[in-house]
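Have the structure open beside you as you read.

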Amino acid sequence: MRTVRTATLLAATGTLVAALLTWATPAAAAYTDPLTSTTQQNLVWHATPAAALSALDAALPNVSANTVVHDANHAMTGCTAAEQAALPIAPTATTKLCWDADRAGSTAWTPQSITTSGDADDDGMWGADKILISGWHGESTLGTGSDGKSRYDDARLMFVNDNTPSAAAFRQVYLAAPNSTGSTFTAAKAHVGGMAWYGDKIYVTAVGNTSTAIRVFATTHILQMSSSAAAIGKVSGGYAAYGYKYAMMQIGYYSYTGGTCDLDSDTAVPCFSSMSLDRTTSPDSIVTTEYFSDQTKHGRLYRYPMGSDFLLAAGSGGTVAASDAYRSGVGNMQGVLGHDGHWYVAHSSAVTNGRLYDQTTSASVPSQCGDPAGPACWGMHPEALTYDWATGLVWSVTEWSSAVCSDHGQICGRTLFALPVSTLP
């Protein structure tokens with residue numbers, strides 16, 4: 001998520017928005033304080049015009065997620081000693097995957113989130129394939145795009161073929177937003193701090209200091225580009241997505257009913273920073289959290305029930321109401337997972353391992369690996385969480401490259417890892 005390590009990410013916090021809600025400033029909280037109730041944040045759905053999606057489907061080959069993973073062109077690798085040092089101390093990871101050299105050391109793209117076919121379907125498979133998807137956001141070093149605008153927070157997804165974990169491989173897919181007619185598309189701005197795959201829909205968190213909360217894409221609208229041009233949208237040779245073979249189209253987005261969110265205030269409209277799917281509720285639901293680099297501020301947690309067509313449940317007026325709304329005492333929340341009434345939140349530190357807390361309205365319990373007063377046991381620079389319903393594994397991802405870790409006097413790197421949900425605190 002957003003950390004204190006780069007000026008670019010600090011700059012993204014922007015100017016404070018005028019308070020849109022009348023909540024009182026919360027009292028200081030301890031990480032071990034239980035969850036407390038807070039005002040709910042509702043959402044509104046905005047659909048991409050069906051005609052726009054149909055026009056693009058007619059202009060380009062529409063392929064499946066299965067086609068993408070069977071067209072993988074980059075291999076996952078064994079983890080280096082530095083990358084393995086980023087894994088949790090406790091509980092211990094039982095599965096780990098690492099990226100090829102280009103992704104492992106990239107300064108232009110940063111990993112943020114993870115979801116799996118165990119989210120998408122409760123049998124854990126998408127068709128005949130086991131698929132992992134990792135979300136990455138673009139850094140300012142990507143420069144400007146074909147429209148002359150910064151590519152910061154452009155987004156791409158790594159579709160990982162995990163049918164044979166020892167030979168896992170992936171293909172990158174760009175995220176794009178069609179215009180109103182489907183004559184072209186642009187990069188979909190998303191920090192992708194959290195992600196959930198439910199049925200044919202893939203939800204990703206958007207960016208801060210906007211009114212857009214969640215962007216929604218569909219595996220039924222993955223398009224194969226007809227040009228390899230270093231541009232996005234309609235080009236002279238067809239359609240392109242900065243040289244990527246595939247781009248996935250946004251089918252709609254959710255906005256905050258409160259207006260523009262605020263990355264710097266814990267009393268104004270929250271900016272969703274992470275997200276995951278919870279299949280232990282009835283109906284299934286999505287949970288979200290917010291992140292502050294200022295550890296004196298403590299983020300809020302929300303739950304939204306799923307409805308028809310794998311979208312969030314909306315009332316008669318079209319508004320999606322939060323079914324749960326809590327304030328956590330944990331600072332720097334990077335990931336959130338709802339499971340059997342528990343809220344697991346991953347905290348990050350710029351200088352040491354993160355912490356994983358099991359939170360309810362009656363307790364907040366961290367993982368332990370030694371001194372109970374200092375439960376820094378989770379991964380180094382951890383990000384989002386997700387639960388694979390079919391395997392019982394909780395997955396997460398670490399953010400910093402080995403080079404960035406070394407620059408800060410640390411030994412760590414970028415990993416995907418998993419461990420049994422039964423081992424969580």
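Helices (H or I, at least four residues) and strands (E, at least two) are DSSP runs, numbered from the N terminus.

Before going further, a word on the source: this is a predicted model, in which local features need pLDDT of at least 70 and side-chain atom pairs count only at pLDDT 80 or more, while totals for chains, interfaces and linings use all residues. Residues are numbered from 1 along each chain as its sequence is written, and side-chain values use heavy atoms, with hydrogens and water left out.

**Helix 2**

Which residues of helix 2 are buried? In helix 2 (residues 50-59) they are Ala 52, Leu 53 and Leu 56. They cover an arc of only 95° around the axis, so they sit on the same side of helix 2; the arc is that of the directions from the helix axis to the C-beta atoms. Buried means under 20% relative accessible area, exposed over 50%, and partly exposed in between (1.4 Å probe, protein chains only). An α-helix has 3.6 residues a turn, so residues three or four places apart point the same way. On the face turned away from the buried side, helix 2 carries the exposed residues Ala 50, Ala 51 and Ala 58.

**Disulfides**

The structure holds four disulfides, a disulfide being a pair of cysteine sulfur atoms within 2.5 Å. With bonded cysteines counted along the protein chain, the pattern is 1-2, 3-4, 5-6, 7-8. Among them are these:

| Pair | S to S distance |
|---|---|
| Cys 79 and Cys 98 | 2.1 Å |
| Cys 261 and Cys 271 | 2.1 Å |
| Cys 369 and Cys 377 | 2.2 Å |

The torsion about the S-S bond of Cys 79 and Cys 98 is about 100°, so this disulfide is right-handed. The pair links distant parts of the chain, 19 residues apart: Cys 79 is in the loop between strand 4 (74-75) and helix 4 (81-84), and Cys 98 in the loop between strand 5 (95-97) and helix 5 (101-104). Cys 79 is buried at 16% relative accessible area, and Cys 98 is buried at 0%.

The link of Cys 261 and Cys 271 is right-handed too, with 100° about the S-S bond. Cys 261 is buried at 0%, and Cys 271 counts as buried at 5%.

For Cys 369 and Cys 377 the torsion is about -90°, so the disulfide is left-handed. Here Cys 369 counts as partly exposed at 34% relative accessibility, whereas Cys 377 is buried at 0%.

**Aromatic rings**

A search of the whole structure finds 18 aromatic pairs. Rings of Phe, Tyr and Trp (its six-membered ring) pair if their centres lie within 6.5 Å; planes under 30 degrees apart count as stacked, over 60 as edge-to-face and the rest as tilted. The ring centres of Trp 99 and Phe 170 are 5.2 Å apart and their planes lie at 90°, so the pair is edge-to-face. Trp 99 lies in the loop between strand 5 and helix 5 and Phe 170 in strand 9, so the pair ties together parts 71 residues apart in sequence. Trp 99 is buried at 2%, and Phe 170 counts as buried at 0%.
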